[in-house]
Every structure is written in C-alpha cells, then in structure tokens.
Amino acid sequence: MVKYTDDFKVMVVREYLKGTIGYKRLAEKHGVKSKRQIIDWVNAYKKFGVEGVFRKKKDAIYSVQFKLDVLSFMKRPGASLSKTALHFGITNPSVIRGWKKKFLEGGAEALDNPKGRPAMSDKAKNVKKSQKPTQQDEMTREQKLERENELLRLEVEYLKKLRAFQMDPDGYLEKHKQRYHSNSKKNSN
C-alpha cells in the first residue's frame, strides 16, 4: 500500500478544489492509484479541514459497540464506506472495510481483537512468577469464559439493534444519531 505524505495530499486536494481538473486526471497526473483515494481526501478535507487529510499519529481506539454501530449504519441502502466514515468522523474509510471483513469472518468477537501484543502489567508479571502452572491454566480458562460471555452479550445486543434497524431504519438512525451527538458534546466538555 502506497503511503502519501500529508503535504502531498493537501496539495492534491487544493488542486482539485481550484476546479481546473477532475479526480481521474488528477490521479493520473500525480500517480495516485485510484481516483477514489482523491475523492476520500477531498471529502475528509471538506468535512474536517486540513486535519481530516492528515495521517493520524496514533491509531484511534474504537469500542466494539461503536464498530457495530458503524457497520449497522453501513447496512442502510446507499451508505457507502466514504459516506459512513464521514458520518461517524472517521477520516480513513478503509478502517471500516477492515472491521467489516473481521466481522464477516469472526463475528463481534473478531472486532474486539486489538492490534499488536498487549503490554504485560507488573501485577500480571508477579502473579505469573508466583503461580503454579495448573492454577494459571484454571484462571486463564476462567478469564477466557468471562471474555466469551461478554462478547456473546455484545453480539446479542448487536443483533437486537440490527433487527430494530431493519424494522425501522429511519427511526433507528434518528434515535442513535441524537445519542451519538449528545455523547460527543459531553466528551468535548
């Protein structure tokens, strides 16, 4: 996958916004693989300004519930990756494509797998040193079962929301759109 610098993306977006050249010609001129990439940059720029085009320095961490809400929204007819990303304030639509692939392959549980290996806390290191292998195996099994239960609860909740969405898409989206915006305002204060 080709990575483009932030300055390059802003330059291409501004050239498009001048109105002298279209997406396809702009992609050919600058060697961008797809005009879709430029369309995404322009849409992100229009909605979020220059920051919308910039690559994030640290990957954002999204909850499983948020990912499920995004995927549910995308099931709505006519909701493209780009439209969905803009709606939820995600500047990189391909992130959603990854969530969709994970969900189709492994359900809601697959959406809970964080990238990379988690750091081991000091407490966990001490417990690991002091326990016998059989005690650790039992505890690990218990933790696995607790995690599985939580993921099953999330999946049931998702399926309920999906059913509600399928019965009344407009009503469901209005209700959750209001909740999403009120939560965003609370978090920004």
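Where is the place of Glu 51? Glu 51 sits in helix 4, which covers residues 50–53. I like to open with that residue, and we will come back to it in a moment. Good morning, everyone, and please keep in mind that what you see is a predicted model.

Let me start with the overall picture. The chain has 10 helices and zero strands. If you read along the sequence, the pattern is α-α-α-α-α-α-α-α-α-α. The chain has 189 residues, and 30% of them are buried. Its accessible surface comes to about 13,700 Å², and carbon and sulfur atoms account for 52% of that. Now consider the contacts in the chain with a separation of 6 or more: 60% of these are between residues 24 or more positions apart.

Back to Glu 51, then. Its relative accessible area is 53%, so Glu 51 counts as exposed.

Asp 6 forms a salt bridge with Lys 9, and the closest N and O atoms are 3.9 Å apart. Asp 6 and Lys 9 are three residues apart in helix 1, so about one helical turn separates them.

As a reminder of the geometry, an α-helix has 3.6 residues a turn, so residues three or four places apart point the same way. Side chains of opposite charge can pair when their charged atoms come close.

Staying with helix 1, let's look at how it meets helix 3. The axes of helix 1, residues 6–17, and helix 3, residues 35–48, come within 10 Å and cross at roughly 85°. Angles of 65 to 115 degrees count as roughly perpendicular, and helix 1 and helix 3 are therefore roughly perpendicular to each other. Which residues of the two helices make the contact? On the helix 1 side they are Phe 8, Lys 9, Val 12, Val 13, Arg 14, Tyr 16 and Leu 17. Helix 3 contributes Ile 38, Trp 41, Val 42, Tyr 45 and Lys 46. Sorted by class, this contact has nine nonpolar residues, three charged ones and no polar ones. Notice Lys 9 in that list; as we saw, Lys 9 is also the salt-bridge partner of Asp 6.

Arg 36 pairs with Asp 40, with 3.1 Å between the closest N and O atoms. The two residues are four residues apart in helix 3, about one turn of the helix. Arg 36 is partly exposed, at a relative accessible area of 39%, whereas Asp 40 has 15% relative accessibility and so counts as buried.

Also in helix 3 we find Lys 35. Lys 35 is partly exposed, with a relative accessible area of 45%. Setting aside neighbours within four places in sequence, Lys 35 is in contact with Tyr 23, Lys 24 and Ala 27. Its C-alpha lies 8.3 Å from the C-alpha of Arg 25, which is 10 residues away in sequence.

How many salt bridges does a search of the whole structure find? The search finds four. One more that I'd like to show you joins the side chains of Glu 150 and Arg 153, at 3.1 Å, N to O. These two are in helix 9, residues 133–167, and they are three residues apart, so about one helical turn lies between them. Glu 150 is partly exposed at 39% relative accessible area, and Arg 153 counts as exposed at 52%.

To finish, let's turn to helix 5 and helix 6. Among the buried ones are Val 70, Phe 73 and Met 74. Those names return with Thr 84, which lies in helix 6, residues 81–88. Thr 84 has 0% relative accessibility and so counts as buried. Leaving out residues up to four places away in sequence, Thr 84 touches Val 70, Phe 73, Met 74, Ala 79 and Ile 96.

Note on methods. Residues are numbered from 1 along each chain as its sequence is written. This is a predicted model: local features need pLDDT of at least 70, side-chain atom pairs count only at pLDDT 80 or more; totals for chains, interfaces and linings use all residues. Side-chain values use heavy atoms; hydrogens and water are left out. Buried means under 20% relative accessible area, exposed over 50%, partly exposed in between (1.4 Å probe, protein chains only). Contact means heavy atoms within 4.5 Å. Accessible areas come from the Shrake-Rupley method with a 1.4 Å probe; for residues, only the protein chains shown count as cover. Axes are lines fitted to C-alpha atoms, for helices over the stretch in contact, and angles run from 0 to 180 degrees between N-to-C directions. Angles under 35 degrees count as roughly parallel, over 145 as roughly antiparallel, 65 to 115 as roughly perpendicular and the rest as oblique. Ala, Val, Leu, Ile, Met, Phe, Trp, Tyr, Cys and Pro count as nonpolar, Asp, Glu, Lys and Arg as charged, and the others, Gly among them, as polar.
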